[in-house]
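Subject: Structure handover

Hello,

Please find the structure below, followed by notes on what was found in it.

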4 protein chains.
Amino acid sequence: MNPNFKRIVKLFQKLPGVGPRQAARFVLALMEKPDAELQDLGKAIQNLRKEISFCPDCFNISDPPADEAGNHLCMVCSNSKRDQGKILVVEKVTDLDSVEKTGLYNGLYHVLGGAINPLDGAMPDNLKIKELASRVGDMVKKNNQVELIIATNPNTPGETTSLYLKDLFQNKKGVSITRLGRGLASGSNLEYTDELTLKHALEYRK
Amino acid sequence: MNPNFKRIVKLFQKLPGVGPRQAARFVLALMEKPDAELQDLGKAIQNLRKEISFCPDCFNISDPPADEAGNHLCMVCSNSKRDQGKILVVEKVTDLDSVEKTGLYNGLYHVLGGAINPLDGAMPDNLKIKELASRVGDMVKKNNQVELIIATNPNTPGETTSLYLKDLFQNKKGVSITRLGRGLASGSNLEYTDELTLKHALEYRK
Amino acid sequence: MNPNFKRIVKLFQKLPGVGPRQAARFVLALMEKPDAELQDLGKAIQNLRKEISFCPDCFNISDPPADEAGNHLCMVCSNSKRDQGKILVVEKVTDLDSVEKTGLYNGLYHVLGGAINPLDGAMPDNLKIKELASRVGDMVKKNNQVELIIATNPNTPGETTSLYLKDLFQNKKGVSITRLGRGLASGSNLEYTDELTLKHALEYRK
Amino acid sequence: MNPNFKRIVKLFQKLPGVGPRQAARFVLALMEKPDAELQDLGKAIQNLRKEISFCPDCFNISDPPADEAGNHLCMVCSNSKRDQGKILVVEKVTDLDSVEKTGLYNGLYHVLGGAINPLDGAMPDNLKIKELASRVGDMVKKNNQVELIIATNPNTPGETTSLYLKDLFQNKKGVSITRLGRGLASGSNLEYTDELTLKHALEYRK
């Protein structure tokens with residue numbers, strides 16, 4: 001393979017979960033596209049920071065960069081119709097999307113930007129937990145009563161983060177902590193369900 | 001293939017989920033076994049009904065056939081240390097096993113023998129629901145308060161059965177109905193969780 | 001679980017690839033069957049050796065036990081219309097079936113009863129190789145020219161066996177040795193084919 | 001989601017096999033990268049056509065654009081040590097890579113740019129077949145004898161293309177046509193091999 005091709009393939013391998021094979025396919029596919037498409041995609045990537053930013057409140061994806069005044073909230077935070085007494089805490093923006101797609105949650109969100117994972121050196125300080133604490137404080141002032149819904153993933157880092165947050169907020173006046181239900185997934189079968197999930201299904205029964 | 005072999009392979013295909021290929025493998029494997037093993041397995045199958053029976057109370061697998069007096073309860077029903085105020089309702093004995101293996105449930109069980117599925121002609125009368133009703137009645141007499149834990153599968157027939165049971169028992173004095181928790185399975189990932197499971201995870205949050 | 005049930009489940013676990021879960025399902029399913037079916041299956045297993053035997057020539061499944069005279073050949077060996085100048089060597093009767101199902105081979109077969117696998121203590125003497133040698137000798141006498149088609153599996157034991165057979169027969173007068181073609185499987189994709197298979201695809205090109 | 005984010009995600013969905021979910025992950029991952037990386041990737045995409053081109057002879061990936069003189073052949077075509085009497089015909093550059101990675105082929109390649117597939121409107125004229133014909137003509141002039149190795153995929157479009165090429169070249173003087181071997185893939189099992197593959201394994205035996 002020639003050096004230029006190799007170099008560009010390597011650049012695409014920086015995309016999450018993309019190996020050399022898929023990266024090569026991407027480059028070859030792009031070579032078949034009209035030049036206009038290449039220009040659009042290339043510019044969009046170069047200007048990414050100017051075109052997209054994170055919501056200064058919940059760290060969801062937001063409209064053009066927030067100005068000093070911190071305007072330009074995301075579409076959830078800027079929607080006063082959302083229940084200001086509920087805040088659902090997720091690890092990543094893509095998790096927020098999944099919950100939002102169900103159309104069943106009308107409260108606010110908070111994106112931590114990951115989960116506590118000492119192995120990866122992801123400690124509480126690397127996550128938006130301080131920001132969450134001050135936000136919840138403000139919400140309690142306004143609403144007296146706030147539900148903090150922990151929606152971190154049901155794996156080790158997610159559970160570690162969940163425990164950390166419960167610890168942090170459990171004695172906060174006016175804050176009730178809940179965790180997304182654990183148990184049987186739709187369409188699963190009791191007979192083939194792992195013990196830990198059955199354990200949770202028994203605990204979360206109601 | 002010769003007729004005898006074909007015939008015997010067909011007999012093995014009556015085992016659940018066993019197709020012609022696997023059935024042929026079974027027969028060929030048995031031909032390699034010492035004759036004593038063939039005699040043991042053959043006799044065990046012929047005497048199956050004499051050697052195993054179902055518990056007259058919960059329809060779990062039980063010791064040698066119950067006599068007229070209806071003794072010979074299964075190991076759960078005959079264990080007075082089990083919580084007599086809890087009854088967990090499953091579709092099949094194998095579901096009961098899965099829950100029992102967790103070692104986290106110390107109440108009683110009731111095996112329905114399937115789930116309501118009009119398409120298969122499986123109607124309430126085909127299931128041990130009358131028996132459940134009279135059992136729960138007796139339990140209330142003894143315990144005043146009984147928890148009926150519905151543990152049918154989270155699929156259409158299981159849900160149909162669950163609704164039917166809730167309907168049947170909801171106004172029964174002294175009976176509180178619960179359903180195994182629904183939501184995120186251990187090790188799953190919020191981002192890839194289907195909407196229905198997320199919906200349940202929100203409902204069952206606590 | 002009660003001892004009788006446990007014991008019978010254990011008997012079913014002797015079937016190839018059947019674990020405790022599947023074995024339990026088998027037993028529970030049999031308990032739902034009419035007693036006549038249990039008697040049929042049970043008897044068939046007890047009389048397996050009387051009802052089925054292996055062909056004294058090729059060790060394929062055969063009709064009722066061969067008598068001293070060694071009659072009762074399998075349906076292939078007893079069919080004089082099959083090409084008596086071709087012999088395809090497989091590991092197991094189920095492999096013979098797969099080839100026979102294609103309807104594209106009209107020669108004879110020879111079932112080795114496994115493959116050479118020192119780790120499992122499966123040595124040449126445990127396989128029907130001596131029998132193959134004398135058979136091929138007789139075939140050459142009758143046909144002058146015999147094609148020995150090696151159809152052992154394309155895995156380590158199968159390849160070991162293939163090498164052993166090539167070694168054994170390569171200098172035998174009138175014997176031409178062939179190996180089933182190696183290369184791309186139907187519906188596969190060059191891009192995702194492993195190197196070893198591509199190597200064979202290049203070697204076997206024609 | 002905000003319009004800019006949506007728009008950029010859509011651009012990434014133009015990459016082969018990338019759906020909205022993965023595209024969103026790509027954009028979010030890029031937002032975490034240092035700006036330098038965004039600039040590199042963006043520029044590389046915008047200048048793709050200047051930095052990479054296809055070999056004017058075999059249509060493999062090549063070094064900077066070929067000039068009028070048609071220099072800048074790919075690394076295979078420009079390597080005089082490669083066997084000039086062999087040409088292996090593939091559908092895509094990624095197929096060429098797979099074969100090249102085996103290190104077992106030292107001839108030339110020809111990338112058709114796809115396969116004949118009337119359903120997709122991919123007809124012979126859309127493929128580099130004319131170019132192949134004239135190339136093979138030149139090779140025969142130089143080498144008297146040329147082996148044309150057809151390595152299109154073993155699926156319907158690939159087989160259609162293979163038949164078309166055999167038809168086209170079979171009477172060309174000095175051209176011998178071969179096809180990559182078809183049959184059992186390494187590590188596969190005779191018992192579970194589909195009939196068509198077994199059929200090929202019998203045909204390609206040697």
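How many salt bridges are there between chain D and chain A? The count is four, where a salt bridge is a side-chain nitrogen of Lys or Arg within 4 Å of a carboxyl oxygen of Asp or Glu. One salt bridge joins the side chains of D:Arg7 and A:Glu51, at 3.1 Å from N to O.

Before the rest, the conventions. This is a predicted model, in which local features need pLDDT of at least 70 and side-chain atom pairs count only at pLDDT 80 or more, while totals for chains, interfaces and linings use all residues. Residues are numbered from 1 along each chain as its sequence is written, chains are lettered from A and ligands numbered from 1 in the order in which they are written, and side-chain values use heavy atoms, with hydrogens and water left out.

The D–A interface

Between chain D and chain A, 14 residue pairs are in polar contact, both at pLDDT 80 or more. (A polar contact is a pair of N or O atoms within 3.5 Å; within protein, one must be able to donate a hydrogen and the other to accept it, and residues adjacent in sequence count only if both atoms are side-chain atoms.) On the side of chain D that touches chain A, α3(D) gives the most, with 11 residues. Helices (H or I, at least four residues) and strands (E, at least two) are DSSP runs, numbered from the N terminus.

Chain D and chain A each put 52 residues into the contact, contact meaning heavy atoms within 4.5 Å. About 5100 Å² is buried between the two chains, and carbon and sulfur atoms give 67% of that. Buried area is the accessible area (1.4 Å probe) that two parts lose on being put together, summed over both.

Two residues of chain A

A:Thr178 lies in strand β6, residues 175–179. A:Thr178 counts as buried because its relative accessibility is 11%; buried means under 20% relative accessible area, exposed over 50%, and partly exposed in between (1.4 Å probe, protein chains only). Its side chain makes a polar contact with that of A:Glu147, at 2.8 Å. Not counting residues up to four places away in sequence, A:Thr178 touches residues including A:Ile150, B:Arg205 and B:Lys206.

A:Lys166 belongs to helix α7, residues 156–169, and is partly exposed, with a relative accessible area of 30%. Leaving aside neighbours within four places in sequence, A:Lys166 is in contact with A:Ile150, A:Ile177 and A:Arg179.

Regards
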